[in-house]
Structures are given as structure tokens and as C-alpha cells.
Amino acid sequence: MTEMKEIVLAEFKKVFGDADGAKVYFAPGRVNLIGEHTDYNGGHVFPCALTIGTYGVARKRNDNKLRFYSMNFENLGVIESSLDDLQPYKEADWTNYPKGVMWAFGEKGMKVPQGMDLLLNGNIPNGSGLSSSASVEVLTGFILRDMFGFDVTNTDLALIGQFSENKFNGVNCGIMDQFAIAMGKKDHAIFLDTATLQFEYAPLKLEGAKIVISCSNKKRGLGDSKYNERRQECESALESLQTMVNIKSLGELDEATYEKLSPVIKDGVKCRRARHAVYENQRTIEAVRALKAGNIKAFGQLMNESHKSLRDDYEVTGIELDTLVDAAWKVPGIIGSRMTGAGFGGCTVSIVPEAEIDNFIKQVGETYEKTIGYKADFYVVEVGDGPCVL
Ligand code: GLA
């Protein structure tokens, strides 16, 4: 981290002339271990923050100008905007994320009083589904709080980030990503009830195993529209169920109650979507119980079940993620493997005994390239803290 601090400060100097009065910040990326597509269904999730993420250098200005520069998109150069024009523009590209957060603070009664120069450098693999956009959102909120003394908690930073993504950037995401990033804790995963935002940190005792991320390198394309489609299917299934039972979300049902009531959902597809949401929520509760009891094997089994449900009932995996997971399941000693994040591309998360990691990368990598025609990338990740000043 100290090395990165020097790198981003030097780049800030180059781009903005000098770095006098500039501060360096960091916000992590996240990976979800289990509890997928449950966060907008009032269910539980179990993500953790990573030690990779987004570094930012920020400095207040004496006018209303905003000047943004990303080392990940050097070809875009400095993108300028103003606090008097907080609107999303296609050509504003990635800067719509920090701008969205500035806009969201204003909407919540905390008008950003002065402009800033902001440089970012992320080391989350691009388009991997490890939440680089939520990382930028939480980072921006964290910087605004530090710079202007806004009275907000880290949970507020998560909610403001989600609000900006929903309303400014038009992606109807749940709270998981921003929450995991804002509330991250080293070597712990976050067991979050998305209906109440009650949460608990669970120590990640992986007993000599590590978290390995396999990145499919599939470009997403239709992802966002499919994501919104799944949300609508769940909402529609919920409406049918509500004619029978007084519930606010699918997360309130256990499996038995769901099975009893499900015939009221006439559409077979919606029925399967709701079944995933209900079973995945219960699986997540069960998985955390297993982990706390030191039963990592059971935890891994539930991860595998999660993948099957996302593949068969929720239909958000696709050949790339299924190939990665099928190959991972064949690696000797593997504890568990599943797709993670929204799906339709992105990456998988696997828990792999340390001694098997090289073999895992070789075996899964070869099978993937042979089947799909291009390479996957692998990252052995560490679980880290939430946002900080460096
Ligand atoms: C994306 C969204 C999250 C969550 C996951 C699926 O990462 O941003 O809110 O819905 O997909 O679990």
C-alpha cells in the first residue's frame, strides 16, 4: 500500500502540477462467498472486502470545478466537470460514478461546497465483477466525508453509493456491494440481513485454504438488462405469493412454506426464480452456521449448491462460468466453487487448499481455454479492511 501511495502521488503531481495539500485514500473491492441475488429480495448475503481495490488522490479546489483522471483509462485524459452540472453524460464515462455520489450527497441535504481534483488508480481486474464501480462510489463518499466533515456513518456511505448507482447511473443494484466495501474487516466476512441491515462479522477460518478468484474474461454486454429482468421476475412472483401470505419479501419464507405456496405462481420461470431466492437465502444462513462451527467442508458444499441453483433456477451462469466451476469441482481437495456477483460473465470464487492452488490454476486454466477458446485469469486474494486514508 505504501508503494502504491508513492505511485499515485507522483502521478497526481504529473497530471495536476503539484500534490500540495493532496491526500491519498483507498477503498477495497469485494467478493461474495454465498447469498447471490438475494440482496434485492430481502435475504442474507455473505461477502467480504478484498485487499485489492481503488486508490484515490484528492485535493479541494477553490472553485466549483471537478477534474478527474484515472490511471486505468489514461487515454481519456483529464475529464472536467462542475458541481453546477451534476448530471450523467455518456462521454463522461467512469466519472459518472464519483459525480453520481456528489449528486447523491446533495440530494440527501449535504451539498458539496467546493470542487476537487481527483485521481484514481484501481487494481481490481477490469470488468471482473469484483465491484470496481461500488469501490469508486464508496471511495468518493469517504473522501467527501473526510474533506468536508459530513456527518455520515459508513453504512450511510454504502446507502448513498447504492442510491447514486440506482438513480444517477441507472443500475438497479441491491446494497450488498457498497455495504461489503464500506464495512469491510480484515479476515472477516460480513453476514448481512439486507431487509434490516443488521449484520455480524464472521471470522474466515479457512484452515489452510485460500480464496481464489477465476475471472472468465467474458465481456458482459446484456448483463444489466438481464439483471433488471431477474429483479422484475422476483417482484412478480412475490406479488402472487402476497395474495396468500402477508410478507414483504421472498427472504421471509423458508423452503417448506415456499413449497406449500408456490402453486400460486402460475408462470414456471418466475416460480424457479423465486425458488432460488428463497433457497439461496436459507443456504446462506446455513453456510454461516457451518463456518462458525468450523465445518468448512459443509460451507463448501453449500457454495456448490448455490452455483447449481444459480445455473438451473436463476439462469445467470452461462457456459463460461459453468466451465470454470465444473473444472474447479474436479480439482482434488477443492472445498467449494461457485459463480459470484451478478453472473452472465464476471468471475467465480473457489476455496482451495493452499497446496492445491498451483494445480487448480493449471487444471482449471487449461480446461477453460480448451473449451472457451481464450484464457481465464486467476487471483489468490486476501480479505481486507474497509476504506481508509493512507
Ligand atoms: C450485483 C449487484 C448486487 C447483487 C449481486 C447479485 O453485484 O450489484 O447488489 O444483487 O449482483 O448477488
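This is a predicted model: local features need pLDDT of at least 70, side-chain atom pairs count only at pLDDT 80 or more; totals for chains, interfaces and linings use all residues.
Residues are numbered from 1 along each chain as its sequence is written, and side-chain values use heavy atoms, with hydrogens and water left out.

So, back to our pair. Strand β7 (residues 188–193) and β8 run antiparallel, joined by 6 bridges. Strands here are DSSP runs of E with at least two residues, helices are runs of H or I with at least four, and both are numbered from the N terminus. Two strands pair if DSSP finds at least two bridges between them. In general, strands of a sheet pair through backbone hydrogen bonds.

The sheet these belong to is open, with 3 strands in the order β2-β7-β8 and antiparallel pairing. Its edges are β2 (44–45) and β8 (198–203); each has a single partner strand, so one side of each has no neighbour in the sheet.

Now the other sheet. This one is open too, with 4 strands ordered β10-β11-β9-β12 and paired antiparallel. Which strands stand at its edges? They're β10 (336–340) and β12 (377–381), each with a single partner strand, so one side of each is left without a neighbour. From one strand to the next, the twist averages 25 degrees; angles run from 0 to 180 degrees between N-to-C directions, using axes fitted to C-alpha atoms, for helices over the stretch in contact.

Between β10 and β11 (residues 347–353) there are 5 bridges, and serine 337 has serine 350 in β11 as its bridge partner. Helix α10 (residues 318–329) packs on this sheet, touching β9 (209–215), β10 and β11, at about 170 degrees to β10. Contact means heavy atoms within 4.5 Å.

Last stop, the ligand. Residues around it, with a heavy atom within 4 Å, include Arg30, His37 and Tyr227. Aspartate 39 has a polar side-chain atom 2.6 Å from a ligand oxygen, and a backbone N or O atom of glycine 174 is 2.9 Å from a ligand oxygen. Taken alone, the ligand exposes 310 Å², and the protein buries 92% of that (Shrake-Rupley method, 1.4 Å probe).

Note on methods. A polar contact is a pair of N or O atoms within 3.5 Å; within protein, one must be able to donate a hydrogen and the other to accept it, and residues adjacent in sequence count only if both atoms are side-chain atoms.
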